[in-house]
Amino acid sequence: MSASDKAALPPQVLQEARRRESRQRWRETRVMWPFIAPAVLMVSLFLLMPVVIDIILSFTRWQRFSGLDEFAGVANYQRLFAIPYFGQAMANTAIWVLASVTLPLIIGLGLALVFRGVPFQETIKSIWFLPKVLAPTAVGAIWAYMYAPRGVINSIVSGVTGQDFDFGWLYSPMTVTSSVILTSVWSSVGISMVLLLLGLAAIPKDPIEAARVDGASSWQIFGYVVLPLLLPTIIVVTILNVVAGFTAFDLLWVMASSFPGKRTLSLAVYMYYESFSNASWAYGAAIAVVLGGMVLVVSAVLAVLQSYVEKRIR
(Lines give C-alpha, C1' and ligand atoms only; values in the text may rest on other atoms or scores of the structure.)
Protein backbone atom coordinates (compact mmCIF):
# COMPACT_ATOMS: atom_id res chain seq x y z
CA MET A 1 0.00 0.00 0.00
CA SER A 2 1.39 3.39 -1.03
CA ALA A 3 1.69 6.43 1.25
CA SER A 4 -1.18 8.20 -0.53
CA ASP A 5 -3.46 5.18 -0.03
CA LYS A 6 -2.61 5.07 3.68
CA ALA A 7 -3.38 8.78 4.02
CA ALA A 8 -6.85 8.20 2.56
CA LEU A 9 -7.76 5.61 5.23
CA PRO A 10 -9.66 6.60 8.39
CA PRO A 11 -7.50 7.10 11.53
CA GLN A 12 -9.14 4.14 13.30
CA VAL A 13 -8.21 1.79 10.44
CA LEU A 14 -4.62 3.06 10.39
CA GLN A 15 -4.31 2.63 14.16
CA GLU A 16 -5.63 -0.94 13.97
CA ALA A 17 -3.21 -1.73 11.13
CA ARG A 18 -0.28 -0.41 13.18
CA ARG A 19 -1.32 -2.53 16.18
CA ARG A 20 -1.58 -5.59 13.93
CA GLU A 21 1.90 -4.94 12.50
CA SER A 22 3.29 -4.48 16.03
CA ARG A 23 1.80 -7.78 17.18
CA GLN A 24 3.19 -9.51 14.12
CA ARG A 25 6.70 -8.14 14.77
CA TRP A 26 6.47 -9.25 18.41
CA ARG A 27 5.47 -12.78 17.38
CA GLU A 28 8.40 -12.91 14.91
CA THR A 29 10.76 -11.71 17.63
CA ARG A 30 9.58 -14.38 20.07
CA VAL A 31 10.14 -17.04 17.44
CA MET A 32 13.56 -15.64 16.51
CA TRP A 33 15.18 -15.32 19.95
CA PRO A 34 15.29 -19.03 20.88
CA PHE A 35 17.34 -19.62 17.72
CA ILE A 36 19.82 -16.76 18.17
CA ALA A 37 20.08 -16.93 21.98
CA PRO A 38 22.82 -19.65 21.98
CA ALA A 39 24.93 -17.64 19.53
CA VAL A 40 24.44 -14.44 21.55
CA LEU A 41 25.43 -16.30 24.72
CA MET A 42 28.56 -17.75 23.14
CA VAL A 43 29.63 -14.39 21.70
CA SER A 44 29.05 -12.71 25.06
CA LEU A 45 31.00 -15.32 27.02
CA PHE A 46 33.95 -15.82 24.70
CA LEU A 47 34.24 -12.46 22.92
CA LEU A 48 32.62 -9.57 24.76
CA MET A 49 33.45 -10.69 28.30
CA PRO A 50 37.21 -11.09 27.64
CA VAL A 51 37.24 -7.62 26.07
CA VAL A 52 35.57 -6.11 29.14
CA ILE A 53 37.93 -7.97 31.49
CA ASP A 54 40.94 -6.84 29.46
CA ILE A 55 39.87 -3.20 29.65
CA ILE A 56 39.40 -3.49 33.42
CA LEU A 57 42.81 -5.16 33.84
CA SER A 58 44.51 -2.37 31.91
CA PHE A 59 43.67 0.01 34.77
CA THR A 60 45.24 -2.21 37.47
CA ARG A 61 48.72 -3.31 38.53
CA TRP A 62 48.01 -6.99 38.08
CA GLN A 63 51.07 -9.18 37.63
CA ARG A 64 51.32 -12.94 37.36
CA PHE A 65 52.60 -13.69 40.82
CA SER A 66 51.45 -10.69 42.84
CA GLY A 67 47.83 -10.78 41.67
CA LEU A 68 45.45 -7.83 41.64
CA ASP A 69 47.20 -5.41 43.99
CA GLU A 70 45.43 -2.13 43.30
CA PHE A 71 43.95 0.03 40.62
CA ALA A 72 46.54 2.08 38.77
CA GLY A 73 44.38 4.48 36.81
CA VAL A 74 46.02 5.41 33.51
CA ALA A 75 49.54 4.51 34.71
CA ASN A 76 49.83 1.63 32.24
CA TYR A 77 48.85 3.88 29.36
CA GLN A 78 51.35 6.50 30.47
CA ARG A 79 53.98 3.80 30.54
CA LEU A 80 53.21 2.97 26.91
CA PHE A 81 54.48 6.33 25.73
CA ALA A 82 57.40 6.40 28.19
CA ILE A 83 59.00 3.18 26.90
CA PRO A 84 60.66 3.40 23.46
CA TYR A 85 59.76 -0.21 22.65
CA PHE A 86 56.10 0.79 22.23
CA GLY A 87 56.98 3.40 19.62
CA GLN A 88 59.15 0.86 17.83
CA ALA A 89 56.30 -1.67 17.93
CA MET A 90 53.89 0.95 16.54
CA ALA A 91 56.23 1.73 13.64
CA ASN A 92 56.79 -1.97 12.90
CA THR A 93 53.04 -2.60 12.99
CA ALA A 94 52.44 0.27 10.56
CA ILE A 95 54.99 -1.21 8.14
CA TRP A 96 53.47 -4.66 8.54
CA VAL A 97 49.91 -3.42 7.97
CA LEU A 98 50.95 -1.41 4.90
CA ALA A 99 52.69 -4.45 3.42
CA SER A 100 49.84 -6.80 4.38
CA VAL A 101 47.30 -4.57 2.65
CA THR A 102 49.08 -3.44 -0.51
CA LEU A 103 51.13 -6.44 -1.62
CA PRO A 104 48.46 -9.20 -1.40
CA LEU A 105 45.89 -6.82 -2.92
CA ILE A 106 48.05 -5.80 -5.89
CA ILE A 107 49.40 -9.30 -6.55
CA GLY A 108 45.98 -10.90 -5.95
CA LEU A 109 44.30 -8.45 -8.36
CA GLY A 110 46.94 -9.13 -10.99
CA LEU A 111 46.51 -12.89 -10.63
CA ALA A 112 42.71 -12.56 -10.69
CA LEU A 113 42.89 -10.65 -13.97
CA VAL A 114 45.31 -13.18 -15.45
CA PHE A 115 43.34 -16.27 -14.43
CA ARG A 116 39.89 -14.82 -15.12
CA GLY A 117 38.06 -17.10 -17.53
CA VAL A 118 40.97 -19.48 -18.13
CA PRO A 119 40.45 -23.25 -18.21
CA PHE A 120 40.87 -25.19 -14.95
CA GLN A 121 40.23 -22.01 -12.97
CA GLU A 122 38.98 -23.95 -9.92
CA THR A 123 42.19 -25.98 -9.83
CA ILE A 124 44.30 -22.84 -10.10
CA LYS A 125 42.35 -21.19 -7.27
CA SER A 126 42.81 -24.27 -5.08
CA ILE A 127 46.57 -24.28 -5.66
CA TRP A 128 46.97 -20.60 -4.81
CA PHE A 129 44.62 -20.91 -1.82
CA LEU A 130 46.48 -23.92 -0.37
CA PRO A 131 49.02 -21.90 1.71
CA LYS A 132 46.13 -20.21 3.55
CA VAL A 133 44.88 -23.62 4.69
CA LEU A 134 48.19 -24.35 6.44
CA ALA A 135 48.61 -23.28 10.05
CA PRO A 136 50.66 -20.06 10.38
CA THR A 137 53.06 -21.80 12.75
CA ALA A 138 53.66 -24.51 10.15
CA VAL A 139 54.21 -21.89 7.45
CA GLY A 140 56.63 -20.03 9.72
CA ALA A 141 58.57 -23.20 10.52
CA ILE A 142 58.85 -24.16 6.83
CA TRP A 143 60.06 -20.74 5.75
CA ALA A 144 62.38 -20.41 8.74
CA TYR A 145 64.10 -23.57 7.51
CA MET A 146 64.27 -22.13 3.99
CA TYR A 147 65.82 -18.90 5.30
CA ALA A 148 68.33 -20.72 7.55
CA PRO A 149 72.07 -20.18 6.86
CA ARG A 150 72.21 -23.71 5.45
CA GLY A 151 68.66 -23.62 4.14
CA VAL A 152 67.10 -23.90 0.71
CA ILE A 153 67.45 -20.26 -0.35
CA ASN A 154 71.16 -20.04 0.46
CA SER A 155 71.71 -23.41 -1.23
CA ILE A 156 70.11 -22.04 -4.41
CA VAL A 157 72.25 -18.90 -4.25
CA SER A 158 75.36 -21.03 -3.70
CA GLY A 159 74.46 -23.23 -6.67
CA VAL A 160 73.92 -20.23 -8.96
CA THR A 161 77.04 -18.27 -7.91
CA GLY A 162 79.32 -21.25 -7.30
CA GLN A 163 80.37 -19.76 -3.95
CA ASP A 164 79.53 -20.72 -0.41
CA PHE A 165 76.67 -18.52 0.84
CA ASP A 166 75.35 -18.80 4.40
CA PHE A 167 73.62 -15.47 5.04
CA GLY A 168 71.23 -15.38 8.00
CA TRP A 169 68.12 -13.80 6.48
CA LEU A 170 66.16 -13.91 9.74
CA TYR A 171 69.07 -12.76 11.91
CA SER A 172 69.95 -9.54 10.12
CA PRO A 173 67.96 -6.36 10.93
CA MET A 174 68.30 -5.36 7.27
CA THR A 175 66.50 -8.41 5.84
CA VAL A 176 64.32 -9.88 8.60
CA THR A 177 61.30 -7.64 7.95
CA SER A 178 61.23 -8.18 4.20
CA SER A 179 61.80 -11.92 4.67
CA VAL A 180 58.82 -12.32 7.00
CA ILE A 181 56.66 -10.05 4.82
CA LEU A 182 57.47 -12.24 1.80
CA THR A 183 56.31 -15.27 3.76
CA SER A 184 53.11 -13.51 4.78
CA VAL A 185 52.36 -12.48 1.19
CA TRP A 186 52.95 -16.05 -0.02
CA SER A 187 50.49 -17.27 2.60
CA SER A 188 47.73 -14.67 2.11
CA VAL A 189 47.77 -13.77 -1.58
CA GLY A 190 45.59 -16.77 -2.42
CA ILE A 191 42.53 -15.62 -0.49
CA SER A 192 42.85 -12.12 -1.95
CA MET A 193 42.96 -13.60 -5.46
CA VAL A 194 39.93 -15.85 -4.83
CA LEU A 195 37.81 -13.00 -3.42
CA LEU A 196 38.76 -10.70 -6.29
CA LEU A 197 37.95 -13.44 -8.81
CA LEU A 198 34.50 -13.71 -7.25
CA GLY A 199 34.13 -9.95 -7.48
CA LEU A 200 35.13 -9.97 -11.15
CA ALA A 201 32.66 -12.76 -11.86
CA ALA A 202 29.85 -10.68 -10.30
CA ILE A 203 30.47 -7.69 -12.59
CA PRO A 204 27.75 -7.48 -15.27
CA LYS A 205 28.96 -7.83 -18.85
CA ASP A 206 26.69 -5.12 -20.30
CA PRO A 207 28.80 -2.09 -19.21
CA ILE A 208 31.97 -3.79 -20.47
CA GLU A 209 30.38 -4.58 -23.83
CA ALA A 210 29.02 -1.04 -24.12
CA ALA A 211 32.45 0.44 -23.42
CA ARG A 212 34.02 -1.91 -25.98
CA VAL A 213 31.46 -0.88 -28.61
CA ASP A 214 32.29 2.78 -27.90
CA GLY A 215 35.92 2.04 -28.77
CA ALA A 216 37.42 1.99 -25.26
CA SER A 217 40.77 0.27 -24.90
CA SER A 218 41.42 -2.56 -22.43
CA TRP A 219 43.07 -0.20 -19.96
CA GLN A 220 40.20 2.26 -20.22
CA ILE A 221 37.66 -0.51 -19.66
CA PHE A 222 39.59 -1.65 -16.59
CA GLY A 223 40.08 1.84 -15.15
CA TYR A 224 36.64 3.32 -15.83
CA VAL A 225 34.35 0.25 -15.74
CA VAL A 226 35.86 -2.79 -14.03
CA LEU A 227 37.76 -1.10 -11.21
CA PRO A 228 34.85 1.06 -9.94
CA LEU A 229 32.52 -1.94 -9.95
CA LEU A 230 35.18 -4.00 -8.15
CA LEU A 231 35.72 -1.42 -5.40
CA PRO A 232 33.35 -3.07 -2.84
CA THR A 233 35.28 -6.34 -3.12
CA ILE A 234 38.60 -4.49 -2.92
CA ILE A 235 37.46 -2.82 0.31
CA VAL A 236 36.43 -6.20 1.77
CA VAL A 237 39.87 -7.61 0.94
CA THR A 238 41.46 -4.49 2.44
CA ILE A 239 39.52 -4.88 5.70
CA LEU A 240 40.57 -8.53 6.01
CA ASN A 241 44.21 -7.67 5.31
CA VAL A 242 44.18 -4.73 7.74
CA VAL A 243 42.89 -6.90 10.58
CA ALA A 244 45.42 -9.63 9.70
CA GLY A 245 48.23 -7.06 9.60
CA PHE A 246 47.40 -5.50 12.96
CA THR A 247 47.03 -8.87 14.71
CA ALA A 248 50.01 -10.59 13.06
CA PHE A 249 51.75 -12.76 15.64
CA ASP A 250 52.33 -16.37 14.56
CA LEU A 251 54.79 -15.77 11.73
CA LEU A 252 56.71 -13.08 13.60
CA TRP A 253 57.03 -15.20 16.74
CA VAL A 254 57.95 -18.44 14.99
CA MET A 255 60.35 -16.95 12.44
CA ALA A 256 61.99 -14.09 14.31
CA SER A 257 61.38 -14.37 18.05
CA SER A 258 64.90 -13.06 18.70
CA PHE A 259 63.72 -9.64 17.38
CA PRO A 260 66.90 -8.67 15.47
CA GLY A 261 67.16 -4.91 15.76
CA LYS A 262 63.59 -4.95 17.17
CA ARG A 263 62.42 -4.96 13.54
CA THR A 264 59.79 -7.69 14.09
CA LEU A 265 58.48 -6.38 17.42
CA SER A 266 54.87 -5.66 16.42
CA LEU A 267 52.17 -4.61 18.86
CA ALA A 268 50.74 -8.14 19.02
CA VAL A 269 54.19 -9.64 19.70
CA TYR A 270 54.98 -6.90 22.23
CA MET A 271 51.68 -7.57 24.00
CA TYR A 272 52.44 -11.30 24.25
CA TYR A 273 56.03 -10.66 25.38
CA GLU A 274 55.04 -8.28 28.16
CA SER A 275 52.11 -10.44 29.32
CA PHE A 276 53.72 -13.87 29.38
CA SER A 277 57.49 -13.33 29.35
CA ASN A 278 57.65 -10.35 31.69
CA ALA A 279 54.48 -11.34 33.61
CA SER A 280 53.10 -7.78 33.30
CA TRP A 281 49.52 -8.72 32.62
CA ALA A 282 48.06 -5.27 33.23
CA TYR A 283 50.58 -3.58 30.93
CA GLY A 284 49.96 -6.24 28.29
CA ALA A 285 46.22 -5.61 28.65
CA ALA A 286 46.81 -1.89 28.00
CA ILE A 287 48.71 -2.75 24.81
CA ALA A 288 45.81 -5.01 23.77
CA VAL A 289 43.29 -2.20 24.35
CA VAL A 290 45.30 0.20 22.19
CA LEU A 291 45.72 -2.43 19.48
CA GLY A 292 42.02 -3.32 19.54
CA GLY A 293 41.04 0.34 19.39
CA MET A 294 43.24 0.90 16.34
CA VAL A 295 41.72 -2.10 14.57
CA LEU A 296 38.16 -0.95 15.37
CA VAL A 297 38.77 2.60 14.14
CA VAL A 298 40.41 1.56 10.88
CA SER A 299 37.81 -1.15 10.23
CA ALA A 300 34.95 1.28 10.95
CA VAL A 301 36.37 3.84 8.52
CA LEU A 302 36.73 1.19 5.82
CA ALA A 303 33.19 -0.10 6.51
CA VAL A 304 31.75 3.42 6.10
CA LEU A 305 33.76 3.80 2.89
CA GLN A 306 32.41 0.47 1.63
CA SER A 307 28.82 1.53 2.33
CA TYR A 308 29.39 4.82 0.53
CA VAL A 309 30.91 3.10 -2.51
CA GLU A 310 28.07 0.56 -2.73
CA LYS A 311 25.48 3.36 -2.62
CA ARG A 312 27.30 5.24 -5.38
CA ILE A 313 27.43 2.11 -7.55
CA ARG A 314 23.70 1.51 -7.12
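**The cavity and its lining**

Modeller: The count comes to one cavity of 30 Å³ or more in this predicted model. The volume of the largest cavity is about 80 Å³. Its lining is made by Asn92, Ile95, Trp96, Val176, Thr177, Val180, Ile181, Leu252, Arg263, Thr264, Leu265 and Ser266. Two elements each give two or more residues to that lining: helix H4 (84-115) and H8. H8 gives the most, with four residues. By class, seven lining residues are nonpolar, four are polar and one is charged. Arg263 is one of the residues in that lining, and Arg counts as charged. Why use a probe to look for such space? Rolling a probe the size of a water molecule over the atoms shows where empty space is left.

H8 leads on to another part of the model. Helix H8 (176-202) is among the elements that cover the buried residues of H6. The others include helix H5 (121-133), helix H7 (152-161) and helix H11 (250-256). Which residues of H6 are buried? They are Val139, Gly140, Trp143 and Tyr147. Seen down the axis of H6, these buried residues fall within an arc of 95°, so they line one face of the helix.

Helix H6 covers residues 136-147, twelve residues in all. At 1.5 Å a residue, H6 should span 16 Å. The C-alpha atoms at its ends are 16 Å apart, which agrees.

Methods: Residues numbered from 1 in each chain as written. Predicted model: local features only at pLDDT ≥ 70, side-chain atom pairs only at ≥ 80, totals over all residues. Heavy atoms only, no water. Expected span 1.5 Å × (residues − 1). Buried < 20%, exposed > 50% of the residue type's maximum accessible area, 1.4 Å probe, protein only. Arc of directions from axis to C-beta. Contact = heavy atoms within 4.5 Å. 1 Å grid on protein atoms, 1.4 Å probe; cavity = no way out; pocket = protein on both sides within 12 Å on 5 of 7 lines; lining within 4 Å. Points joined across faces, edges and corners; volume = space filled by probe spheres on them.
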